[in-house]
Amino acid sequence: MAYKIAGIDVHKKMLAVVVCDVEVDDEYQFARRMFRRQSATAAGSGCLAARRRVEEAVMESTAQYWRPVWEALEMYWKPICEQRDDRQPGSATLHLALALSNRGRRGRKRDFADAERLVKRLVAGELTLSFVPDSEQRLWRTVTRRKYQLTRDRVRLQNQLEALLEEAHIKLSSLVSDLLGASARRILQALAKGETIRPLCGFSRQALARYCGTIV
(Lines give C-alpha, C1' and ligand atoms only; values in the text may rest on other atoms or scores of the structure.)
Protein backbone atom coordinates (compact mmCIF):
# COMPACT_ATOMS: atom_id res chain seq x y z
CA MET A 1 0.00 0.00 0.00
CA ALA A 2 1.26 3.49 -0.83
CA TYR A 3 2.56 5.55 2.05
CA LYS A 4 2.60 9.23 1.12
CA ILE A 5 4.25 12.10 2.97
CA ALA A 6 3.65 15.80 2.34
CA GLY A 7 6.37 18.41 2.74
CA ILE A 8 5.30 22.02 3.26
CA ASP A 9 7.65 24.96 2.84
CA VAL A 10 6.04 27.84 4.74
CA HIS A 11 6.49 31.47 3.71
CA LYS A 12 4.81 34.71 4.65
CA LYS A 13 2.85 35.02 1.39
CA MET A 14 2.63 31.46 0.08
CA LEU A 15 3.02 27.74 0.74
CA ALA A 16 4.94 25.26 -1.38
CA VAL A 17 3.47 21.77 -0.91
CA VAL A 18 4.94 18.56 -2.31
CA VAL A 19 3.54 15.02 -1.94
CA CYS A 20 5.59 11.87 -2.50
CA ASP A 21 5.10 8.12 -2.20
CA VAL A 22 8.06 7.01 -0.08
CA GLU A 23 7.50 3.28 -0.64
CA VAL A 24 8.37 3.44 -4.34
CA ASP A 25 11.76 1.86 -5.09
CA ASP A 26 12.64 4.35 -7.84
CA GLU A 27 13.60 7.96 -7.36
CA TYR A 28 11.27 10.27 -5.46
CA GLN A 29 8.40 11.48 -7.62
CA PHE A 30 6.90 14.64 -6.16
CA ALA A 31 3.51 16.18 -6.91
CA ARG A 32 3.85 19.95 -6.45
CA ARG A 33 1.37 22.68 -5.72
CA MET A 34 1.63 26.31 -4.64
CA PHE A 35 -0.85 28.06 -2.32
CA ARG A 36 -1.27 31.74 -1.59
CA ARG A 37 -1.37 32.67 2.10
CA GLN A 38 -5.01 33.62 2.54
CA SER A 39 -7.53 32.75 5.23
CA ALA A 40 -8.23 29.31 3.82
CA THR A 41 -4.75 28.61 2.49
CA ALA A 42 -3.72 26.15 5.16
CA ALA A 43 -7.10 24.46 5.00
CA GLY A 44 -6.62 24.07 1.26
CA SER A 45 -3.27 22.41 1.76
CA GLY A 46 -4.92 20.05 4.22
CA CYS A 47 -7.63 19.16 1.73
CA LEU A 48 -4.93 18.50 -0.86
CA ALA A 49 -3.21 16.12 1.54
CA ALA A 50 -6.51 14.37 2.27
CA ARG A 51 -7.34 13.88 -1.41
CA ARG A 52 -3.93 12.39 -2.10
CA ARG A 53 -4.19 10.01 0.86
CA VAL A 54 -1.24 11.57 2.65
CA GLU A 55 -0.34 9.77 5.87
CA GLU A 56 2.15 12.27 7.33
CA ALA A 57 3.03 15.93 6.87
CA VAL A 58 6.19 17.81 7.77
CA MET A 59 6.99 21.54 7.79
CA GLU A 60 9.65 23.92 9.07
CA SER A 61 9.32 26.12 12.14
CA THR A 62 9.59 29.36 10.15
CA ALA A 63 9.10 32.29 12.57
CA GLN A 64 5.38 32.35 13.45
CA TYR A 65 4.15 31.57 9.94
CA TRP A 66 3.86 27.84 10.58
CA ARG A 67 1.24 28.21 13.34
CA PRO A 68 -1.90 28.87 11.22
CA VAL A 69 -0.86 26.13 8.79
CA TRP A 70 -0.38 23.67 11.64
CA GLU A 71 -3.71 24.58 13.23
CA ALA A 72 -5.59 24.22 9.94
CA LEU A 73 -4.02 20.84 9.19
CA GLU A 74 -4.79 19.75 12.73
CA MET A 75 -8.42 20.86 12.33
CA TYR A 76 -9.22 19.66 8.79
CA TRP A 77 -6.73 17.08 7.56
CA LYS A 78 -5.99 15.13 10.73
CA PRO A 79 -9.64 14.17 11.55
CA ILE A 80 -10.23 13.08 7.93
CA CYS A 81 -7.11 10.93 7.96
CA GLU A 82 -7.98 9.35 11.31
CA GLN A 83 -11.48 8.39 10.14
CA ARG A 84 -10.30 6.46 7.08
CA ASP A 85 -10.73 2.70 7.23
CA ASP A 86 -7.48 1.97 5.39
CA ARG A 87 -5.27 4.26 7.41
CA GLN A 88 -1.92 2.96 8.61
CA PRO A 89 -0.52 3.07 12.19
CA GLY A 90 1.48 6.25 11.63
CA SER A 91 -1.29 8.12 9.84
CA ALA A 92 -2.36 11.68 10.69
CA THR A 93 1.06 12.58 12.09
CA LEU A 94 2.28 16.17 11.87
CA HIS A 95 5.97 16.95 12.19
CA LEU A 96 7.59 20.30 12.92
CA ALA A 97 11.27 20.41 11.99
CA LEU A 98 13.85 22.94 13.08
CA ALA A 99 14.87 25.09 10.13
CA LEU A 100 18.55 24.56 10.93
CA SER A 101 18.24 20.81 10.38
CA ASN A 102 16.86 21.37 6.86
CA ARG A 103 19.49 23.77 5.60
CA GLY A 104 20.53 23.29 2.00
CA ARG A 105 23.50 24.45 0.04
CA ARG A 106 24.38 28.10 0.07
CA GLY A 107 22.83 29.98 -2.79
CA ARG A 108 19.45 30.99 -4.04
CA LYS A 109 16.55 29.54 -2.08
CA ARG A 110 14.13 27.31 -3.98
CA ASP A 111 10.76 26.65 -2.40
CA PHE A 112 9.83 23.25 -3.84
CA ALA A 113 13.40 22.01 -3.36
CA ASP A 114 13.20 22.88 0.34
CA ALA A 115 9.87 21.05 0.70
CA GLU A 116 11.27 18.01 -1.10
CA ARG A 117 14.34 18.02 1.12
CA LEU A 118 12.04 18.02 4.15
CA VAL A 119 10.43 14.76 2.98
CA LYS A 120 13.74 13.09 2.12
CA ARG A 121 15.36 14.00 5.42
CA LEU A 122 12.28 12.94 7.39
CA VAL A 123 12.41 9.49 5.77
CA ALA A 124 16.16 9.29 6.45
CA GLY A 125 15.72 10.41 10.07
CA GLU A 126 17.99 13.45 9.63
CA LEU A 127 15.56 16.12 10.85
CA THR A 128 15.50 17.60 14.34
CA LEU A 129 11.81 17.58 15.28
CA SER A 130 10.14 19.84 17.81
CA PHE A 131 7.46 18.83 20.28
CA VAL A 132 4.14 20.59 19.64
CA PRO A 133 1.46 20.02 22.32
CA ASP A 134 -2.24 19.82 21.57
CA SER A 135 -4.36 22.92 20.99
CA GLU A 136 -5.66 23.19 24.56
CA GLN A 137 -2.19 22.97 26.07
CA ARG A 138 -0.89 25.52 23.55
CA LEU A 139 -3.64 27.91 24.64
CA TRP A 140 -2.75 27.53 28.32
CA ARG A 141 0.93 28.04 27.50
CA THR A 142 0.09 31.25 25.67
CA VAL A 143 -1.97 32.56 28.60
CA THR A 144 0.73 31.65 31.13
CA ARG A 145 3.52 33.22 29.10
CA ARG A 146 1.48 36.38 28.55
CA LYS A 147 0.81 36.68 32.27
CA TYR A 148 4.50 36.18 33.05
CA GLN A 149 5.47 38.78 30.46
CA LEU A 150 3.04 41.35 31.87
CA THR A 151 4.43 40.76 35.37
CA ARG A 152 7.99 41.30 34.11
CA ASP A 153 6.94 44.47 32.30
CA ARG A 154 5.34 45.83 35.47
CA VAL A 155 8.45 45.12 37.56
CA ARG A 156 10.70 46.67 34.89
CA LEU A 157 8.53 49.81 34.73
CA GLN A 158 8.51 50.10 38.52
CA ASN A 159 12.31 49.82 38.67
CA GLN A 160 12.72 52.46 35.98
CA LEU A 161 10.33 54.78 37.81
CA GLU A 162 12.14 54.33 41.10
CA ALA A 163 15.52 54.97 39.44
CA LEU A 164 14.17 58.17 37.88
CA LEU A 165 12.81 59.38 41.23
CA GLU A 166 16.08 58.58 42.97
CA GLU A 167 17.99 60.64 40.40
CA ALA A 168 15.64 63.53 41.18
CA HIS A 169 16.23 63.02 44.97
CA ILE A 170 12.59 62.12 45.51
CA LYS A 171 12.24 59.34 48.11
CA LEU A 172 8.73 58.38 47.19
CA SER A 173 9.34 54.65 47.64
CA SER A 174 9.92 55.24 51.36
CA LEU A 175 6.43 56.75 51.71
CA VAL A 176 4.33 54.31 49.72
CA SER A 177 4.49 50.55 49.41
CA ASP A 178 3.71 50.45 45.68
CA LEU A 179 5.04 53.01 43.22
CA LEU A 180 2.35 52.01 40.73
CA GLY A 181 -0.46 52.11 43.27
CA ALA A 182 -3.25 54.68 43.52
CA SER A 183 -1.51 56.80 46.17
CA ALA A 184 1.78 56.94 44.29
CA ARG A 185 0.03 57.85 41.05
CA ARG A 186 -1.79 60.74 42.73
CA ILE A 187 1.50 62.06 44.09
CA LEU A 188 3.20 61.73 40.73
CA GLN A 189 0.31 63.54 39.04
CA ALA A 190 0.64 66.37 41.57
CA LEU A 191 4.37 66.57 40.90
CA ALA A 192 3.73 66.61 37.16
CA LYS A 193 1.38 69.59 37.62
CA GLY A 194 4.21 71.54 39.26
CA GLU A 195 3.38 71.22 42.96
CA THR A 196 6.39 71.46 45.23
CA ILE A 197 7.80 68.33 46.79
CA ARG A 198 8.93 69.96 50.06
CA PRO A 199 5.52 69.93 51.80
CA LEU A 200 5.03 66.33 50.75
CA CYS A 201 8.26 65.23 52.39
CA GLY A 202 7.08 66.52 55.77
CA PHE A 203 3.73 64.77 55.69
CA SER A 204 2.95 61.95 58.06
CA ARG A 205 1.41 58.78 56.71
CA GLN A 206 -2.06 59.85 57.88
CA ALA A 207 -1.70 63.30 56.34
CA LEU A 208 -0.36 61.79 53.14
CA ALA A 209 -3.35 59.46 53.06
CA ARG A 210 -5.74 62.38 53.39
CA TYR A 211 -3.84 64.28 50.68
CA CYS A 212 -4.02 61.38 48.27
CA GLY A 213 -7.64 60.59 49.02
CA THR A 214 -6.90 56.96 49.79
CA ILE A 215 -5.29 54.76 52.44
CA VAL A 216 -1.51 54.25 52.09
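Modeller: In this predicted model, contact means heavy atoms within 4.5 Å, and among contacts in the protein chain between residues at least 6 apart in sequence, 58% join residues at least 24 apart.

Biologist: What are the elements of the protein chain, and in which order do they run?

Modeller: The protein chain has seven helices and six strands, and from the N terminus on they run β-β-β-α-β-α-β-α-β-α-α-α-α.

Biologist: Why are S3 and S6 said to stand at the edges of the sheet?

Modeller: The six strands form an open sheet with mixed pairing, in the order S3-S2-S1-S4-S5-S6. Strand S3 (30-36) and strand S6 (129-130) each have a single partner strand, so one side of each is left without a neighbour in the sheet.

Biologist: What makes S1 and S4 a pair?

Modeller: Two strands pair if there are at least two bridges between them, and five bridges join strand S1 (residues 4-10) to strand S4 (residues 54-60), the two running parallel; because five meets that cut-off of at least two, S1 and S4 count as paired. The bridge partner of Ile8 in S4 is Met59.

Biologist: Which helices pack against these strands, and at what angles?

Modeller: Helix H2 packs on the sheet, where it touches S1, S2, S4 and S5, and its direction makes about 175 degrees with that of S4. Helix H3 (residues 111-124) lies across S1, S2, S3, S4, S5 and S6, running at about 135 degrees to S1. Helix H2 (residues 66-82) also bends by about 35 degrees at Glu74, and its buried residues include Trp66, Trp70, Leu73 and Trp77.

Biologist: Why is Glu56 called buried?

Modeller: Buried means under 20% relative accessible area, and Glu56 has a relative accessible area of 13%, so Glu56 counts as buried. Its place is in strand S4, and, leaving aside neighbours within four places in sequence, Glu56 is in contact with residues including Tyr3, Ile5, Trp77, Thr93 and Leu122.

Biologist: How do you know that the side chains of Glu56 and His95 make a polar contact?

Modeller: A polar contact needs a pair of N or O atoms within 3.5 Å, one able to donate a hydrogen and the other to accept it; the side chains of Glu56 and His95 make such a contact at 2.6 Å, a value that lies within the cut-off.

Biologist: Where is confidence lowest, and where is it highest?

Modeller: Confidence is lowest in helix H6 (residues 198-201), at a mean of 50, and highest in helix H4 (residues 135-167), at 91, while the protein chain averages a pLDDT of 79.

Definitions and conventions: Residues are numbered from 1 along each chain as its sequence is written. This is a predicted model: local features need pLDDT of at least 70, side-chain atom pairs count only at pLDDT 80 or more; totals for chains, interfaces and linings use all residues. Side-chain values use heavy atoms; hydrogens and water are left out. The bend at a residue is the angle between axes fitted to the seven residues ending there and the seven starting there. Helices (H or I, at least four residues) and strands (E, at least two) are DSSP runs, numbered from the N terminus. Buried means under 20% relative accessible area, exposed over 50%, partly exposed in between (1.4 Å probe, protein chains only). Axes are lines fitted to C-alpha atoms, for helices over the stretch in contact, and angles run from 0 to 180 degrees between N-to-C directions. pLDDT is the predictor's confidence in each residue, from 0 to 100.
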